[in-house]
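Keep the viewer open as you read.

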Amino acid sequence: MLAPKKKQFIEFMMEAEVLRFGEFTTKSGRLTPYFVNTGNYKTGAQIATLGAYYAALVQETCGEEFDAMFGPAYKGIPLVTAAAAALAQNFRIDKPFFFNRKEAKDHGEGGSLVGYKPTAGDRILIIEDVITAGTAVRETMPILKGCGDVSVENMFISVNRCEVGQTPGKTAVMEVKDEFGITVHSIVTVGDIREYLKEQHYEAHMLAAMDRYMEQYCVL
């Protein structure tokens, strides 16, 4: 049975029209029966709620054993901001956060980072929306390592699609672990979404479509 928190999060995504069901084509050309668009979060209440879910997962996973949180531009910026605020408000864990600019600023304080300035020895968490191919992580790590000898061991995302990455038999999340030593934690997985549909007695054709998609593209 699906855990209540996961059920609530899936329904939260659906209410915000972030999670939709039907027939969609991904950037990779795959035909998928579900689609996650975190760009559809657009109200203060929604981002506050989302930040609370991230904060709970961070607290449960790491407690206070980290030094700062990083949100990759652009979608990671509101996520890391909301997560940091929720950690401070809900758990009294007040940690600094920072994010990057897509283009370095050549005036004022300059540089490509905004907010906290990490130093050698810092333990950094990454807050992101989803991982599809791991591209964002590969772009992010040089930025973080350019700050000094920091360690990045944990990353937090909304949905783990569990889809095959560049290596046969491995998901993008597995590849991130192999390549960078980063453990990715998700609020829910595609398996949770499929279980939700089953428990809510969704139409048989939708369950069948999810099963076909997962069998073809996912590693669980």
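**Helix pairs and cores**

Helix α4 crosses α5 in a right-handed sense. Bear in mind that you're looking at a predicted model. The two helices, α4 (residues 135-145) and α5 (residues 172-180), sit with their axes 10 Å apart at an angle of about 25°. Angles under 35 degrees count as roughly parallel, so that's what α4 and α5 are to each other. On the α4 side you'll find Val137, Arg138 and Met141, which meet Glu175, Val176, Glu179 and Phe180 of α5. Sort those contact residues by type and you get four nonpolar, three charged and no polar ones.

The crossing here is right-handed. The contact draws on α2 residues including Ile47, Leu50 and Tyr54, and on α3 residues including Leu79, Ala83 and Phe91. By type, this contact splits into 14 nonpolar, three polar and no charged residues.

Next, the interior. In soluble globular proteins, nonpolar side chains tend to be buried together. Here the largest nonpolar core has 46 residues, and Phe9 and Met13 touch the most other members. Helix α2 (residues 44-62) is the top contributor to this core, supplying seven residues. If you center on Phe9 and skip residues up to four places away in sequence, its contacts are Tyr41, Leu50, Tyr53, Ser158, Ile187 and Val188. Apart from that core lies another, of 19 residues, with Ala68, Ala172, Val173 and Val184 among them.

Key:
Residues are numbered from 1 along each chain as its sequence is written. This is a predicted model: local features need pLDDT of at least 70, side-chain atom pairs count only at pLDDT 80 or more; totals for chains, interfaces and linings use all residues. Side-chain values use heavy atoms; hydrogens and water are left out. Axes are lines fitted to C-alpha atoms, for helices over the stretch in contact, and angles run from 0 to 180 degrees between N-to-C directions. Helices (H or I, at least four residues) and strands (E, at least two) are DSSP runs, numbered from the N terminus. Angles under 35 degrees count as roughly parallel, over 145 as roughly antiparallel, 65 to 115 as roughly perpendicular and the rest as oblique. A crossing is left-handed if the near helix is turned anticlockwise from the far one by less than a right angle, and right-handed if clockwise. Contact means heavy atoms within 4.5 Å. Ala, Val, Leu, Ile, Met, Phe, Trp, Tyr, Cys and Pro count as nonpolar, Asp, Glu, Lys and Arg as charged, and the others, Gly among them, as polar. A nonpolar core is a set of buried Ala, Val, Leu, Ile, Met, Phe, Trp, Tyr and Cys residues joined through side-chain atoms within 4.5 Å. Buried means under 20% relative accessible area, exposed over 50%, partly exposed in between (1.4 Å probe, protein chains only).
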